[in-house]
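Here is a short briefing on one chain. Read it with the sequence and the coordinates open.

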Amino acid sequence: MVVCVDFHAIMYCPLCKAEYRQGVSNCSDCQIPLVHSQEEAAAVPVATVWEGGHRRIFELILQAFGSAGIPSHGAESLERRPSSWIHTFLSVLPIFSAFVKSRPLTHFSVLVLETDLPRAQSALSQFYEARAANTKT
Ligand SMILES: [Zn+2]
């Protein structure tokens, strides 16, 4: 077996698939060990454990996973849906067009390694139970 030590190698995060330069062994975002090749990182199954449009809940869930020691990656993207007929219809009307244009939907998703999915799901249900308890009192 030949172990090739390449100090200029780029490392990859198996969760968020980010690239890292030499000297980095853990993903600064996900806090998990990096792997040596893009193929290896791509082969690691990742699951979306939560997605939605609420930034506050998104941040709280990431915090909850952080304190539970579950590596997680939060991604946000602007939804660019192809114009639906209703969107097209509304944007023709001056009253609605401002409303429609001023609300770009941000879509949040929380990714975990598939092997962490059961843990992440139980952490998520605990999170929701705690929130439900808090709103009652
Ligand atoms: Zn990462």
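**The sheet and its surroundings**

Three strands make an open sheet in the order β3-β5-β4, with antiparallel pairing. β3 (46–52) and β4 (72–78) are the edge strands: each has a single partner strand, so one side of each is left without a neighbour in the sheet. From one strand to the next, the twist averages 25 degrees. The model is predicted.

**Overall make-up**

- The chain holds five helices and five strands.
- Along the sequence they follow the pattern β-β-α-β-α-β-α-α-β-α.
- Of the 137 residues, 19% count as buried.
- Take the contacts in the chain with a separation of 6 or more: residues 24 or more positions apart account for 65% of them.

**Strand pairing**

- β4 pairs with β5 (residues 106–113) in the antiparallel sense, over seven bridges.
- Within that pairing, histidine 73 has leucine 111 of β5 as its bridge partner.
- Leucine 78 stands opposite threonine 106, also in β5.
- β3 and β5 run antiparallel and are joined by six bridges.
- Tryptophan 50 stands opposite valine 110 in β5.

**Helix α2 on the sheet**

- α2 (residues 55–67) lies across β3, β4 and β5. The helix runs at about 15 degrees to β5.
- α2 has 13 residues. From first C-alpha to last it reaches 18 Å, close to the 18 Å expected at 1.5 Å a residue.
- Which residues of α2 are buried? They are Phe58, Ile61, Ala64 and Phe65.
- Seen down the axis of α2, these buried residues fall within an arc of 125 degrees, so they line one face of the helix.
- The general rule behind such spacing is that an α-helix has 3.6 residues a turn, so residues three or four places apart point the same way.
- The face of α2 turned away from the buried side carries exposed residues: Arg55, Arg56, Glu59, Gln63, Gly66 and Ser67.
- Just after α2 comes glycine 69, with a positive phi of about 75 degrees.

**Valine 112, a buried position in β5**

- Valine 112 lies in strand β5.
- Why does valine 112 count as buried? It has 25 C-beta neighbours inside 10 Å, and the cut-off for a buried residue is 20 or more.
- Setting aside neighbours within four places in sequence, valine 112 is in contact with Ala47, Val49, Ile70, Pro71, Ser72, Leu117 and Ala120.
- Proline 45 is 67 residues away from valine 112 along the chain, yet their C-alpha atoms are separated by 8.9 Å.

- Most residues other than glycine have a negative phi. Two positions here deserve a check on the backbone.
- Lysine 17 has a positive phi, near 65 degrees, and is not a glycine. Where is lysine 17 found? This residue is in the loop between β1 (11–12) and β2 (19–20).
- Lysine 17 counts as partly exposed because it has 16 C-beta neighbours inside 10 Å.
- Glutamine 31 is not a glycine either, and has a positive phi of about 60 degrees. Glutamine 31 sits in the loop between β2 and α1 (38–43).
- With 15 other C-beta atoms within 10 Å, glutamine 31 is partly exposed.

Methods: Residues numbered from 1 in each chain as written. Predicted model: local features only at pLDDT ≥ 70, side-chain atom pairs only at ≥ 80, totals over all residues. Pairing = 2+ DSSP bridges. Helix = DSSP H or I, 4+ residues; strand = E, 2+ residues; numbered from the N terminus. Axes fitted to C-alpha atoms, helices over the stretch in contact; angles between N-to-C directions. Contact = placed C-beta atoms within 7 Å. Expected span 1.5 Å × (residues − 1). Buried ≥ 20, exposed ≤ 12 C-beta atoms within 10 Å, placed from the backbone. Arc of directions from axis to C-beta.
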